Every structure is written in C-alpha cells, then in structure tokens.
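We will go from stop to stop, selecting residues as we go.

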Amino acid sequence: QVQLVESGGGLVQAGGSLRLSCAVSERTFSSYTMGWFRQAPGKEREFVAAISRFRSNRYYADSVKGRFTISRDNAKNTVYLQMNSLKPEDTAVYYCAANSGVHGTPYDYWGQGTQVTVAS
C-alpha cells in the first residue's frame, strides 16, 4: 500500500508564500506521476498541478499558473508545491496524489490532506 503524507500547510496572509511537501512510501516513486489537488469548503475537489514521471513535465490549473510551482525529488521520494502570491481563494485542503499512469488518467493513491488558509 502506497502511503502519502502531506505537510507544510498553515495560515498565511494574502501575498505570502507556503511550500507543501508530500512524502511517499514507495521505492518506485520515480515511476509515478504526482499531483496536487485542493478542495475548498462547499466545493468539489479540483486539480492544481501535476508533474510527470521520468521527464518531469509540469501541468498547472489556470488559476495557479505563474504563482505555484510543482517539483519532485526522486532521491527523497517527495513532491513539493511552492505557492507564492497566495490569495484568499487559494484557501482549501490540499491533497497529494500518486498516479501509476500518465497525466490525465485517474490517480491511484491519495494523502490525507493539509489545510491552507489565506487571510485577507
């Protein structure tokens, strides 16, 4: 069973930055496409960013493009989400997910989530 553990969430003022981390208990981590999703209160979960296996191609939702950066460290089995210029509308629970296939196909494993709150 692949386990994902997110960390780095918290409370930040608008315009501030946070870096989320997701540690993955899988020795073949590099073979997984990794993604970040978020769910705000009363809303459906939405895609935020993804980074492909092998070539590390990156994909972003339009709402975060230019502000968020996804990266991965295969030696540490960890994926990161650097979030800059945060807005109140970025407030949500952020989830890390692992996909044994390519970007655009369903994710197989999910973390428990970490809360990000952006105060105006």
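Start with the lining of the largest pocket, which has eight charged, three nonpolar and two polar residues. (Ala, Val, Leu, Ile, Met, Phe, Trp, Tyr, Cys and Pro count as nonpolar, Asp, Glu, Lys and Arg as charged, and the others, Gly among them, as polar.) This is a predicted model, where local features need pLDDT of at least 70 and side-chain atom pairs count only at pLDDT 80 or more, while totals for chains, interfaces and linings use all residues. Residues are numbered from 1 along each chain as its sequence is written, and side-chain values use heavy atoms, without hydrogens and water.

Now select R38, A40, K43, E46 and E89: of the 13 lining residues, these lie nearest the pocket's centre.

Next, select C22 and C96, which form a disulfide with an S to S distance of 2.1 Å (a disulfide is a pair of cysteine sulfur atoms within 2.5 Å). A search of the whole structure finds one disulfide. C22 sits in strand β3 (residues 18-24) and C96 in strand β9, so the pair ties together parts 74 residues apart in sequence (strands are DSSP runs of E, at least two residues, numbered from the N terminus). The S-S torsion is about -80°, so this disulfide is left-handed. Are the two cysteines buried or exposed? C22 is buried at 0% relative accessible area, and C96 is buried at 0% too (buried means under 20%, exposed over 50%, with a 1.4 Å probe and protein chains only).

Finally, select G101, in the loop between β9 (92-99) and β10 (109-110). G101 is buried, with a relative accessible area of 16%. Leaving aside neighbours within four places in sequence, G101 contacts T33 and R53 (contact means heavy atoms within 4.5 Å).

How values were computed
Helices (H or I, at least four residues) and strands (E, at least two) are DSSP runs, numbered from the N terminus. On a 1 Å grid over the protein atoms alone, a cavity is a set of points where a 1.4 Å probe fits but cannot get out, and a pocket is an open set with protein on both sides within 12 Å along at least five of seven lines; lining residues have an atom within 4 Å of a point.
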